[in-house]
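Here is a short briefing for a first look at a protein model. Please keep the sequence and the 3D view at hand.

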Amino acid sequence: MNIKKYNLVPIFEFLGKINLVGTASRARTKLNKEIGNAINELQSDEVALAEELGGRVNDEGRVVFVSEEDLNETEAAEYSKKKHAEFTNAQSDLRQEEAIFNEATKDQFNRLKNALYDYDEKLSGQDATVYDILLDALEA
């Protein structure tokens, strides 16, 4: 199963809050563990990307680009703006990639897919969108 990296966090959160039982719950737990690993890998890749472009992640989790000390304020602002644009473009490309997930147990994805087909709780907004994205991935 393939999932675009920009969908990993919403799917992880959705799977973590829906009520499933038995083998469907186990299938969900195994998949969510792998999605969590993929999220961690994506975060590491984004930090490495920032560092490659001369930036760092500050204590608040924001990417900052420190300019040369001899640049004046205007040059520093332009430098930072340029580096942020480069980072944003590269980050977008990274998030467009697909993460690939394999079944940990036989028919894991079918059990989860069937449980989602039978899921009878009301979904709206973000949850409804994520439900659709997840089922599309499971059906592919």
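Where does Asn58 lie? Asn58 sits in the loop between strand 2 (55-57) and strand 3. This is a predicted model: local features need pLDDT of at least 70, side-chain atom pairs count only at pLDDT 80 or more, and totals for chains, interfaces and linings use all residues. Residues are numbered from 1 along each chain as its sequence is written, and side-chain values use heavy atoms, with hydrogens and water left out. Helices (H or I, at least four residues) and strands (E, at least two) are DSSP runs, numbered from the N terminus.

**Asn58**
- Asn58 counts as buried because its relative accessibility is 18%; buried means under 20% relative accessible area, exposed over 50%, and partly exposed in between (1.4 Å probe, protein chains only).
- The Asn58 side chain reaches the backbone nitrogen of Glu60 at 2.9 Å.

**Helix 3 and its cover**
- Helix 3 (residues 73-96) has 24 residues, which should span 34 Å at 1.5 Å a residue. The expected span is 1.5 Å times one less than the number of residues.
- The end C-alpha atoms of helix 3 are 34 Å apart, which agrees.
- Ser80, Lys83, Phe87, Gln91 and Leu94 are the buried residues of helix 3.
- Their cover includes helix 2 (22-52) and strand 3 (63-65).

**Ala50**
- Ala50 belongs to helix 2.
- Its relative accessible area is 0%, so Ala50 is buried.
- Beyond its neighbours within four places in sequence, Ala50 is in contact (heavy atoms within 4.5 Å) with Gly55, Val63, Phe65 and Phe87.
- Ala50 and Phe87 are 37 residues apart along the chain, and their C-alpha atoms are separated by 6.5 Å.

**Helix 1 against helix 5**
- Helix 1 (residues 8-17) and helix 5 (residues 125-139) pack at about 105°, with axes 10 Å apart.
- That angle makes helix 1 roughly perpendicular to helix 5. Angles of 65 to 115 degrees count as roughly perpendicular, under 35 as roughly parallel, over 145 as roughly antiparallel and the rest as oblique.
- Pro10, Ile11, Phe14, Leu15 and Lys17 in helix 1 meet Gln126, Asp127, Val130, Tyr131, Ile133 and Leu134 in helix 5.

**Asp107**
- Asp107 is found in the loop between strand 4 (98-100) and helix 4 (108-117).
- Asp107 is partly exposed, with a relative accessible area of 36%.
- Its phi is near 65°, a positive value in a residue other than glycine. Most residues other than glycine have a negative phi.

Note on methods: Polar contact = N/O pair within 3.5 Å; in protein donor to acceptor, adjacent residues only side chain to side chain. Axes fitted to C-alpha atoms, helices over the stretch in contact; angles between N-to-C directions.
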